[in-house]
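Open the model in your viewer and keep the selection tool at hand. The stops below are given in the order in which to select them.

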Amino acid sequence: MAGFWKKWFGAAEAKTARLLPFGIDVEVPPQQTLLEAALAAGLAFPHSCTVGTCASCKCRLVSGTIKPAMNFGYTLSKEELDAGYILACQTKLTSDAVLEVDAAGADAPPPETFNGKVTARTPLTQDILAVTVALDRPMRYVAGQFATLRVGDVPPRSYSFADPPERAGRSEVSFFIRRTPGGAFTEPLFAGAFDALPIEVEGPHGGFFLRPGDGPMVCVAGGSGLAPLMSLLLDARKNNIRRPCVLLFGARTRADLYKTVEIETLAQTWLADFRFVPVLSAEPEESTWSGHRGFVTDVLEGVLPSVLGEDSPRAHAYMCGPPPMIDHAVTVLTKAGVDIGNVHYDKFTDSRPHPTSSGEPTLAQAR
Ligand SMILES: Cc1cc2nc3c(=O)[nH]c(=O)nc-3n(C[C@H](O)[C@H](O)[C@H](O)COP(=O)(O)OP(=O)(O)OC[C@H]3O[C@@H](n4cnc5c(N)ncnc54)[C@H](O)[C@@H]3O)c2cc1C
Ligand code: FES
């Protein structure tokens with residue numbers, strides 16, 4: 001009888017996932033996702049949210065068939081989908097498969113939980129704070145990664161480290177946090193309600209960090225998305241990285257730009273050509289602003305030819321900010337010849353529901 005079921009319902013058998021470039025085979029039982037099976041096998045498979053929103057577990061399906069538990073298009077761009085990228089945390093295998101995993105994350109320290117306390121909240125703009133949290137012990141992370149902050153019963157939220165890491169770890173970590181009107185986490189944070197409370201910092205998480213190479217770096221930040229880019233660029237400078245770089249920073253008005261002095265200093269001390277391009281989307285017509293106006297992605301399209309020259313296949317892009325900005329920028333970059341595998345980002349996704357593969361909404365951000 002068991003043979004009958006096995007013959008007709010072969011999909012119920014475990015499948016094998018071969019993970020490149022490691023060449024490791026993982027057995028994936030039918031009830032487990034690819035990520036769950038990889039973690040159960042003791043592999044440090046990159047991941048964070050496990051609910052399909054952060055794209056940390058993004059990998060490329062080289063061969064085989066899968067059953068997605070959600071519409072990957074919510075998190076991944078059309079270009080990534082066309083290139084075969086999937087989310088391991090939302091994938092079951094329906095055949096043996098070969099997958100390409102980004103090996104760059106192998107050096108990232110494993111996540112741990114730290115006990116912290118808010119020691120400073122410094123306004124950067126009218127709705128962005130620099131928040132410093134002192135930790136019970138030093139935390140190691142890779143520039144560009146993020147942590148999940150938890151205070152009591154408030155739903156936990158993710159924030160990117162704004163400072164470059166230190167080799168021995170940082171006893172104080174800082175974040176640039178934008179106030180979301182009505183936000184479960186940011187409203188009490190901005191009101192000072194977290195100042196006297198213990199804060200749990202879990203991390204580091206994420207696969208957004210500098211990749212090796214010598215081609216141009218194209219960096220795009222929107223609002224508080226400047227945090228991981230400052231961390232990454234300051235760390236790159238510390239490590240004497242010598243690559244041409246352009247940083248586009250999108251904000252609404254002049255008053256929403258911040259850290260410009262630090263960016264100018266970075267530009268002056270950078271070991272190759274560094275261009276800083278602030279872009280304002282809602283600066284009043286009558287203001288004396290003579291820089292770029294409009295959406296940062298439109299300006300990106302205009303500056304790319306001069307930044308990339310003949311180097312587009314060797315270029316890497318690093319972007320952080322709201323999902324629509326990232327989605328549009330991915331299209332602009334790939335159209336300009338940047339390899340989709342060289343486009344790295346953290347989308348600042350929020351707690352709104354996103355559709356499953358069957359169209360049913362599901363609560364995305366359990367963090
Ligand atoms: C990997 C990662 C890194 C992140 N890093 C940062 C960071 O460094 N700095 C930072 O400020 N944020 C960052 N975020 C976003 C952050 O995690 C929270 O989503 C954000 O602070 C809102 O939390 P909240 O609880 O205050 O609002 P919520 O209670 O989640 O939202 C309140 C209401 O506003 C809506 N809403 C939330 N955000 C938006 C939006 N952008 N546009 C329109 N409506 C919205 C929600 O759907 C909800 O209805 C990051 C997110 C991710 C996934
Ligand atoms: S771990 Fe899969 S999308 Fe976040």
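Select Lys 259 to begin: at 25% relative accessibility it counts as partly exposed, where buried means under 20% relative accessible area, exposed over 50% and partly exposed in between (1.4 Å probe, protein chains only). Its phi is positive, about 60°, although Lys 259 is not a glycine. Lys 259 sits in the loop between strand 15 (245–251) and helix 6; helices (H or I, at least four residues) and strands (E, at least two) are DSSP runs, numbered from the N terminus.

Some ground rules before the next stop. This is a predicted model, in which local features need pLDDT of at least 70 and side-chain atom pairs count only at pLDDT 80 or more, while totals for chains, interfaces and linings use all residues. Residues are numbered from 1 along each chain as its sequence is written, chains are lettered from A and ligands numbered from 1 in the order in which they are written, and side-chain values use heavy atoms, with hydrogens and water left out.

Next, select Thr 50, in the loop between helix 2 (34–40) and strand 3 (58–63). Thr 50 also has a positive phi, near 65°, in a residue other than glycine. Its relative accessibility is 41%, so Thr 50 counts as partly exposed.

Now go to the cis peptide bonds. One joins Leu 20 and Pro 21, with omega about 5°; Pro 21 lies in the loop between strand 1 (15–20) and strand 2 (24–28). Another joins Gly 203 and Pro 204, again with omega about 5°, and Pro 204 is in strand 13 (residues 199–205).

Select helix 5 (residues 226–238) together with helix 6 (residues 260–269). They pack at an angle of about 30° with their axes 11 Å apart; axes are lines fitted to C-alpha atoms, for helices over the stretch in contact, and angles run from 0 to 180 degrees between N-to-C directions. The contact (heavy atoms within 4.5 Å) is made by Leu 226, Met 230, Leu 233, Leu 234 and Arg 237 of helix 5 and Glu 262, Ile 263, Leu 266 and Thr 269 of helix 6.

Move on to helix 7 (residues 296–308) and helix 8 (residues 323–335), which pack at about 15° with axes 9 Å apart. Helix 7 is therefore roughly parallel to helix 8. Residues to show include Leu 300 and Leu 304 in helix 7, and Ala 329 and Val 332 in helix 8.

Then select Ala 143, in the loop between strand 9 (128–139) and strand 10 (146–150). Ala 143 is buried, with a relative accessible area of 4%. Beyond its neighbours within four places in sequence, Ala 143 has contacts that include Phe 208, Phe 209 and Ser 231. Gly 144 is in the loop between strand 9 and strand 10 and is buried at 0% relative accessibility. Not counting residues up to four places away in sequence, Gly 144 touches Phe 208, Pro 228, Ser 231 and Asp 346.

Which cysteine sulfur is closest to that of Cys 320? The one in Cys 219, at 9.8 Å, too far for a bond. Cys 320 is buried at 0% relative accessibility. A search of the whole structure finds zero disulfides, a disulfide being a pair of cysteine sulfur atoms within 2.5 Å.

Conventions: Parallel < 35°, antiparallel > 145°, perpendicular 65-115°, else oblique.
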